[in-house]
Amino acid sequence: MEKIKTLQRILDESDKIVFFTGAGVSTESGIPDFRSVDGLYSQKYQYPPEAIISHSFYKYNPQEFYRFYKDRMIYPDAKPNMAHIKMAELESKGKAIGVITQNIDGLHQAAGSKNVYELHGSIHRNYCTKCHRFYDLDYIINSEGIPHCSCGGIIKPDVVLYEEGLDDATLYGAIGAIRQADCMVIAGTSLVVYPAAGLVNYFRGKYLVLINLSATSQDSAADLLIKAKVGEVFEKIVVQ
Ligand code: CNA
């Protein structure tokens, strides 16, 4: 409880808060994080998730890629939880400058956040690899097996797979936001996926807050470390 009070004070004092989020921010919305996926995986899939969601796997085994992707990466009924909602409210009140997320679920935008840097893309955007026509998530969900465009090309989700680079504009936008922030709240991420995790090192502001259930490499650097469920923490935060 004392830590929640400290978080409230830090948020009240700060004018340029930036959030840096990972899969743990969406577990309370019913979307499993990566490690939970790993546990489930062994019964149904022949390869570890990291291998399946790599560029080479997508290229050479799109059938199996899409089987895993549709089954384990898409949660169309998931709704934002209090973490997404309070982060969006802080932005609409002019206190937060944006959210940098490794998530691909679109829940920050669903909660109302406007300035979202999606480092790893989004399940909501999909493109034909041949003619570049855009397709929404429903089209992917309703397709049988590998989704194809009307031109015959394969449709690829606008999601950054392992072995693929991050979008330059998104990456530099995220670095710019971190550099001007006076408070950075890292939440629900194991901080093991690079280059995303390395962005934390650009922070030069006053308060580094870390909210995560398990230990991370940045725990000792944090001004405030909260080991609790991020949705439950933000539920207690008052946005004024
Ligand atoms: P991760 O490596 O799975 O780490 C998640 C972290 O969140 C862990 O350290 C957990 O202890 C912690 N955690 C889980 N639930 C909570 C909670 N309620 N409150 C606080 N902490 C919690 O995931 P990362 O995001 O760090 O990075 C790995 C990949 C997983 C990223 O590239 C993501 O794109 C990818 N991913 C995204 C989603 C999504 O979009 N929702 C889901 C699964 C995986």
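Start by selecting I100, which is found in strand β2 (residues 96–101); strands here are DSSP runs of E with at least two residues, helices are runs of H or I with at least four residues, and both are numbered from the N terminus. This is a predicted model, in which local features need pLDDT of at least 70, side-chain atom pairs count only at pLDDT 80 or more, and totals for chains, interfaces and linings use all residues. Residues are numbered from 1 along each chain as its sequence is written, and side-chain values use heavy atoms, with hydrogens and water left out.

Stay on I100 and show its surroundings. I100 is buried, at a relative accessible area of 0%; buried means under 20%, exposed over 50%, and partly exposed in between, with a 1.4 Å probe and protein chains only. Leaving aside residues up to four places away in sequence, I100 touches V18, F19, F20, T21, Y117, L119, A174, A177, I178 and L199, where contact means heavy atoms within 4.5 Å.

Now select the ligand and the residues around it. Its shell has 26 residues, and Q102, D105, H120, T189 and S190 come nearest; a residue is near when one of its heavy atoms lies within 4 Å. The shell divides into 9 nonpolar, 12 polar and 5 charged residues. In this scheme Ala, Val, Leu, Ile, Met, Phe, Trp, Tyr, Cys and Pro are nonpolar, Asp, Glu, Lys and Arg are charged, and the others, Gly among them, are polar.

- I104: a polar backbone atom is 2.8 Å from an oxygen atom of the ligand.
- F34: a backbone N or O atom lies 3.0 Å from a ligand oxygen atom.
- L213: a backbone N or O atom lies 3.2 Å from a nitrogen atom of the ligand.

On its own the ligand has 860 Å² of accessible area, and the protein covers 92% of that; areas come from the Shrake-Rupley method with a 1.4 Å probe, and for residues only the protein chains shown count as cover.

Finally, zoom out to the whole protein. It has 10 helices and 9 strands. Its C-alpha atoms fill a box of roughly 55 × 35 × 30 Å along the principal axes. Of its 240 residues, 51% are buried. Colour the surface by element: the accessible surface is about 11,400 Å², and carbon and sulfur atoms account for 51% of it.

Note on methods. A polar contact is a pair of N or O atoms within 3.5 Å; within protein, one must be able to donate a hydrogen and the other to accept it, and residues adjacent in sequence count only if both atoms are side-chain atoms.
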